[in-house]
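Please look over the structure below before reading the notes. They are grouped by topic and can be checked one at a time.

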Amino acid sequence: MTLALVAIVLVLILLGVPIAISLGLGSVMALVFWADNPLAVVSQKLFEVRDHYSLLAIPMFIFAGFLMDASGMSERIVRAVAAVLGFIRGGLSIVSVVTCMLFAGVSGSAVADAAAVGAVMLKPMKERGYEPAFSAALIGAAGCIGPIIPPSIAFIIFGVATETSITELFLAGAIPGILIGLSLIVVAYVTAVRRNYPREPLPPVRQMVTDLLGGLPAMFMMVIVLGGILGGIFTATEASVAALAYGLAIGTLFYRSLSWAQIYAAMIRTMDATVTVLWLIACASLLSWILTSEGVPDAVGKFMFGLTTDPLWLLFLIAILYLVVGMLIDVAPAILMLIPVLFPVATKAGIDPVHLGVVTITGLAIGLITPPTAPCLMITAGIAEVSAARAFRAVWPMVLVMTAVLFLVVFFPQLALWLPQLVRN
Amino acid sequence: MSGSGVPARRAALWRSADDFVNVALLAVIAVVLVVQVFSRYVLNVSLGWTTELASTLLGWLMFLGAPAMLKRQSHMEIYLFGGLRRVPQTVIRILIELASGAFYAIVLIGSFDYVASTQFFETPALGIRGDVITAVIPVGSAYLLVRTAIRIRDLLRPERPRWIREHL
C-alpha cells in the first residue's frame with residue numbers, strides 16, 4: 001500500500017495537481033479505499049491543524065513582513081547599509097547581501113526577500129556596471145537566507161511537524177544564516193575585484209547619519225524578535241505578535257507611509273500565504289499519519305543504517321537528499337513530505353532534532369536557486385531581465401559556497417547548537 | 001455613467017465579500033494575540049480564552065480563506081506543461097481542477113459525520129459547542145467546490161482572469 005500511495009502522490013504532483021491536494025488525495029485513497037476508514041477521519045485530521053498553537057506565528061510573521069515591505073523598509077535598509085558598506089569594492093553587491101540578511105530578520109520568506117531586495121538593487125547595480133546575471137544570482141542566493149535566519153516560517157513548520165522547540169530552532173538558524181551571508185559576501189568581493197566593479201563614494205556625514213537613522217527602526221525588528229527569544233522573554237508566537245505590533249507602529253507612526261489600502265492588501269497577501277501553508281500542513285499530516293502507521297520510517301531507517309550508523313555521516317546523506325529534493329520541491333512541502341520519514345530515523349541515530357532542523361532548512365533552501373525550478377533565482381532573473389540559462393550559469397559559485405556551509409553545519413553541530421544550548425543553560 | 005458605476009461597485013463589493021470575512025478573521029486573530037501578550041506581560045494575567053479563540057479562528061481561516069485564495073492564485077504546485085499549446089494545457093488544467101474538486105468533495109461528504117460527532121463537546125474556556133466550530137468544514141468545502149466549478153468555467157472562456165493568464 002505504501003508504495004502505491006507514494007506513487008499516486010508523485011504522479012499527481014508531476015501532473016501539476018497542487019502539492020497539498022496531491023498529498024490529501026493520495027492519503028484519502030489509502031485511508032478510505034485500502035484501510036477502510038470512515039470519511040470523517042479526513043475532516044478530523046485536516047481540522048487538527050488548528051491545535052498547533054505555534055502555527056499562529058505564521059500569519060503574524062508574514063503580516064509583519066508584508067507591512068514592513070509596504071512601508072518602504074527595504075529601500076531604507078539599503079540606504080542605511082550602503083552608507084556604511086558602499087565604499088568597499090563591489091559595494092552594491094555587498095550591500096545587497098547584507099540587506100537580504102537584515103530583511104531575513106523581518107520576513108522569514110526567501111522569495112519575498114529576493115523580490116524586495118532585487119526590486120531595489122538590481123537596477124542601480126546594472127547602471128553601475130555589474131553584470132545583471134551575477135547581480136540576479138547573488139541576490140537570489142542571498143534571499144535563501146530568509147528561511148534560515150529567524151523569524152522563519154520553515155522552522156515553524158519543522159517545529160510543528162516534529163514537536164521540536166521553535167524557539168531553539170530559531171536560535172539555531174542564526175549562525176548558519178550569518179555564515180551563508182558571509183560566504184556570499186566573499187563571493188561578491190572576489191568577483192568585484194576580478195571584474196573591477198566600482199566602489200561607491202562615501203556620502204556626506206549628514207547624509208550618512210540620516211540614512212542610518214532612517215534604517216535603524218526597520219533593523220530594530222530583528223532585535224525584538226531575536227533578542228526577545230534569546231533573552232527568554234518571548235516564545236516564537238509571542239515574538240510574532242510583537243513583530244506585528246512593532247511593524248504596524250513603525251509603518252504608520254514613524255515612517256508614516258502605510259495607508260489603509262496598503263494594510264488591507266498586506267492582509268489579503270497574508271491570508272493567501274497562510275492558507276497555502278495551512279493546507280500543506282494539514283494534508284501532509286494525513287500522509288504522515290499513514291506512513292507512520294505503515295511503519296515506513298522503520299523500513300527507511302533499516303535501509304539508511306545499512307549504509308552507515310555514524311550520525312554525522314547519516315546526516316550528510318540526508319543533506320544530500322535535501323539538495324536533490326530541494327531542486328524540485330519548495331521548502332515547506334519538502335519538509336512536510338520528508339520529515340515524517342527522516343525524523344524518526346535521525347533521532348534514533350542520535351542526531352539532535354534542532355541540528356536536523358537547521359540542516360533540513362539550509363539544505364532545502366539551497367534548492368531555491370538550483371535548476372530546474374529555482375524560484376528565488378527566477379524572480380531576480382525576471383526583475384533583471386536575464387535569461388534563466390544565464391542566471392543558472394552565474395549562480396554556481398553561490399551554490400558551491402552555500403553547500404560548503406551546509407556541510408560545515410552537518411559536521412560541526414555546535415555551529416547550530418551553540419546558541420540554543422546557551423539559552424537552555 | 002454613475003448609474004452603471006454604482007451596480008458595478010456593488011458587484012465588486014459582493015465579489016470581495018469573502019475577502020472581507022477573511023480579513024476580519026485575520027484581524028481578530030491578531031487583536032486576540034496582542035491582547036494575550038499584553039495581558040500576560042503587562043497585566044500579569046493569563047487569559048486562557050485567547051488561545052482557544054485564536055486557534056478556532058485559524059481553523060476557520062483555513063477553510064474560508066482557501067476558496068477566496070482560489071480567486072487569485074492556486075495552491076503551491078509544480079507545473080511542467082508550460083510549453084504545450086493552449087488546448088492541451090486547458091485540458092490538463094481542467095483535469096487538475098477536477099482532481100482538486102474530487103478531494104474537496106470527499107472532505108465535504110466526510111465532514112457531516114465529523115460535525116455531528118463534535119456536537120456534544122464544548123470548548124473549555126468559552127463554552128462554544130464543537131459543531132459550531134467544525135461547521136466551517138462543510139461550509140468551506142462546499143465553497144471550495146463552487147470555486148473549483150468557477151475556475152473550470154473560466155478555463156473554457158475566451159477572456160481569462162489573471163490566475164489563468166499566469167499559468168497558460
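Helix α4 of chain A holds A64(A). In this predicted model, A64(A) counts as buried because its relative accessibility is 0%.

**Around A64(A)**

- Leaving aside residues up to four places away in sequence, A64(A) touches M221(A), A243(A) and L244(A).
- G247(A) is 183 residues from A64(A) along the chain, yet the C-alpha atoms of the two are separated by 5.5 Å.

**Where chain A meets chain B**

- The contact involves 48 residues of chain A and 56 residues of chain B.
- The two chains bury about 4,800 Å² between them, and carbon and sulfur atoms account for 79% of that area.
- On the chain A side, F47(A), R50(A) and W279(A) lose the most area to chain B, together 16% of what that side buries.
- Nine residue pairs are in polar contact across the interface, both residues being at pLDDT 80 or more.
- Several helices of chain A each supply at least two residues to the side that touches chain B, among them α1 (2–14), α2 (19–34) and α3 (40–47).
- The largest share of that side, 14 residues, comes from α13(A).

**Salt bridges between the chains and within chain B**

- There are 13 salt bridges over all chains, and two are counted between chain A and chain B.
- R72(B) pairs with D272(A), with the closest N and O atoms 2.7 Å apart.
- R72(B) also forms a salt bridge with D19(B), where the closest N and O atoms are 3.0 Å apart.
- R72(B) lies in the loop between α3 (48–69) and α4 (86–117) of chain B and D19(B) in helix α2 (residues 17–41), so this pair ties together parts 53 residues apart in sequence.
- R72(B) is buried, with a relative accessible area of 17%, and D19(B) is buried at 6%.
- R153(B) and D154(B) form a salt bridge at 3.2 Å, N to O; R153(B) is partly exposed at 41% relative accessibility, whereas D154(B) is buried at 9%.
- Shared partners join the salt bridges of D272(A), D18(B), D19(B), K71(B) and R72(B) into one network.

**A salt bridge within chain A**

- The side chains of D211(A) and R79(A) meet at 4.0 Å, N to O.
- D211(A) is in helix α11 and R79(A) in helix α5 (residues 73–85), 132 residues apart.
- D211(A) is buried, with a relative accessible area of 11%, whereas R79(A) is partly exposed at 41%.

**A nonpolar surface patch**

- I233(A), F38(B), Y41(B), V42(B), L43(B) and V45(B) make a patch of about 550 Å².
- I233(A) sits in the loop between α11 (205–230) and α12 (236–254) of chain A, and I233(A) counts as partly exposed because its relative accessibility is 46%.

How values were computed: Residues numbered from 1 in each chain as written. Chains lettered and ligands numbered in written order. Predicted model: local features only at pLDDT ≥ 70, side-chain atom pairs only at ≥ 80, totals over all residues. Heavy atoms only, no water. Patch = residues over 30% accessible without salt bridge, like charges linked within 9 Å, V, L, I, M, F, W, Y side chains within 5 Å. Areas by Shrake-Rupley, 256 points an atom, 1.4 Å probe, with all protein chains shown as cover. Helix = DSSP H or I, 4+ residues; strand = E, 2+ residues; numbered from the N terminus. Buried < 20%, exposed > 50% of the residue type's maximum accessible area, 1.4 Å probe, protein only. Contact = heavy atoms within 4.5 Å. Buried area = accessible area lost by both parts, 1.4 Å probe. Polar contact = N/O pair within 3.5 Å; in protein donor to acceptor, adjacent residues only side chain to side chain.
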